[in-house]
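Thank you all for coming, and please have the sequence and the three-dimensional view open while I talk.

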Amino acid sequence: MSIVLSGIRPTGNLHLGNYFGALKNFVKMQYENECYFFIADYHSLTTHPTPADLHGNVRQVLVEYLAAGIDPEIATLYIQSDLPETAELYLLLNMNAYKGELERVTTYKDKVSKQPDNINAGLLTYPCLMAADILIHRSQKVPVGKDQEQHLEMTRTFARRFNRLYNVNLFPEPEAYNFGQQLIKIPGLDGAGKMGKSEGEGNAIFLAEDPKSIRKKVMRAITDSGPTEMNQTKPEPIANIFSIMKAVSSPETVEYFDDQYNKCTIRYGDMKKQLAEDIINFTEPFREKVKEISADEDYIHKVVKMGKEKAHISSAATMKEVREIIGFREF
Ligand code: TRP
């Protein structure tokens, strides 16, 4: 039983790649660990300081995570800005984070070139806020993708530095949690690379997408002119469609089309029709749940309140110690 934490960006809808990537594993992990999942609404301001509908974005992400199987009674699911202790710890960590090390962070350098007109201090101290998220619950494991590993390394540095400076043993050094074998990579529909919402229209299939639109996207997926030799290796666009099929269809279905491919008798149109129907079936319970939860304002309110209260227990305990350690005392 470890303390596990992950932050979720409040942008975009969940797609099949997200589901088979981290989400499916989150759902499993919540029964085996003390899990904290939160929606990183503060972080989103570093790139989008004036969001058109912050509340709506957070709500949608919350609803989709609930629909995907995060159980708010088992895990602690909360909104970052609901936990003032995170902001307080962030402030204090900033005192022991150095400009030089922050400027060397790859994601920071990327953002500097991407948004030269908005190189704000929040962007520079992004790793301090992320460290505060993690350390506030004294988390031990953080499931992160490759792009977040450097941030986690910084968190370890900040934790170690805090312990050393104040001569305490308060913060554990959190490890990256890699799902390894359990990670199923879902490719996109445009013939190359993984599924992602930023890869272009039609590349990703969303869990809450309506069946008509799913059919349209799948039918437009990139293929080739077909195999010409028996048992030939599948080029990327075709291998990709098979990969998605493996995730959502029955083994018999996959075997059938694999066989057709190997015999050079495959008709991509038939395969795509089947794939579209299987994706629709697979995502059906999710669509239903999203509708149901989204219509239940009382339930959403209850979940958010419960998450905030549960998260507050450990964040308050950590901040009490931090304040005492640094020397803030009551008069
Ligand atoms: N930076 C993460 C991302 O962009 C989101 C995040 C914020 C996070 N705080 C975190 C992830 C703490 C893990 C732990 O995806």
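This is a predicted model: local features need pLDDT of at least 70, side-chain atom pairs count only at pLDDT 80 or more; totals for chains, interfaces and linings use all residues.

Residues are numbered from 1 along each chain as its sequence is written, and side-chain values use heavy atoms, with hydrogens and water left out.

The secondary structure of the chain comes to 14 helices and five strands, where helices (H or I, at least four residues) and strands (E, at least two) are DSSP runs numbered from the N terminus. Along its principal axes, the C-alpha trace spans about 80 × 45 × 40 Å. Of the 331 residues, 47% count as buried, and here buried means under 20% relative accessible area, exposed means over 50%, and partly exposed lies in between, with a 1.4 Å probe and protein chains only.

Now to the ligand. Which residues surround the ligand? They are Leu5, Gly7, Arg9, Phe38, Ala40, His43, Tyr126, Met130, Asp133, Ile134, Val142 and Gln148, and a residue is counted as near a molecule if one of its heavy atoms lies within 4 Å of it. Strand 1 (3-8) and helix 8 (126-135) each supply at least two residues of this shell, and the largest share, four residues, comes from helix 8. By type, the shell divides into seven nonpolar, three polar and two charged residues; for this count Ala, Val, Leu, Ile, Met, Phe, Trp, Tyr, Cys and Pro are nonpolar, Asp, Glu, Lys and Arg are charged, and the others, Gly among them, are polar.

An oxygen atom of the ligand is 2.8 Å from an N or O atom in the side chain of Arg9. A nitrogen atom of the ligand is 2.8 Å from an N or O atom in the side chain of Asp133, and a nitrogen atom of the ligand is 2.9 Å from an N or O atom in the side chain of Gln148. The protein covers 94% of the 370 Å² of accessible area that the ligand has on its own, an area that comes from the Shrake-Rupley method with a 1.4 Å probe.

Let us move to the second largest pocket, which has a volume of about 250 Å³. Of the 13 residues that line this pocket, the closest to its centre are His55, Val58, Ile79, Ile300 and Val304. Helix 3 (54-68) and helix 14 (297-326) are the elements that give two or more residues to the lining, which divides into six nonpolar, three polar and four charged residues. As for the term, a pocket is an open set of points on a 1 Å grid over the protein atoms alone, where a 1.4 Å probe fits, with protein on both sides within 12 Å along at least five of seven lines, and lining residues have an atom within 4 Å of a point.

Next come some residues in loops. Asp53 sits in the loop between helix 2 and helix 3, and is partly exposed at a relative accessible area of 41%. The side chain of Asp53 reaches the backbone nitrogen of Gly56 at 2.9 Å. Thr47 also has its place in the loop between helix 2 (41-44) and helix 3, and its C-alpha atom is separated by 9.0 Å from that of Asn120, although the two are 73 residues apart along the chain.

Where is Asn167? Asn167 lies in the loop between helix 9 (149-165) and strand 5 (175-177), with a phi near 55°, a positive value in a residue other than glycine. Asn167 is exposed, with a relative accessible area of 70%. Cys264, in the loop between helix 12 (251-262) and helix 13 (268-294), has a phi near 65°, again a positive value in a residue other than glycine, but at 27% relative accessibility it counts as partly exposed.

I will finish with two buried residues. Ile70, in the loop between helix 3 and strand 3 (76-79), counts as buried at 2% relative accessibility. Ile214, in helix 10 (residues 211-219), is buried with a relative accessible area of 0%, and the C-alpha atoms of Ile214 and Glu277, 63 residues apart along the chain, are separated by 8.7 Å.

How values were computed
Grid points are joined across faces, edges and corners, and a volume is the space filled by probe spheres set on the points. A polar contact is a pair of N or O atoms within 3.5 Å; within protein, one must be able to donate a hydrogen and the other to accept it, and residues adjacent in sequence count only if both atoms are side-chain atoms.
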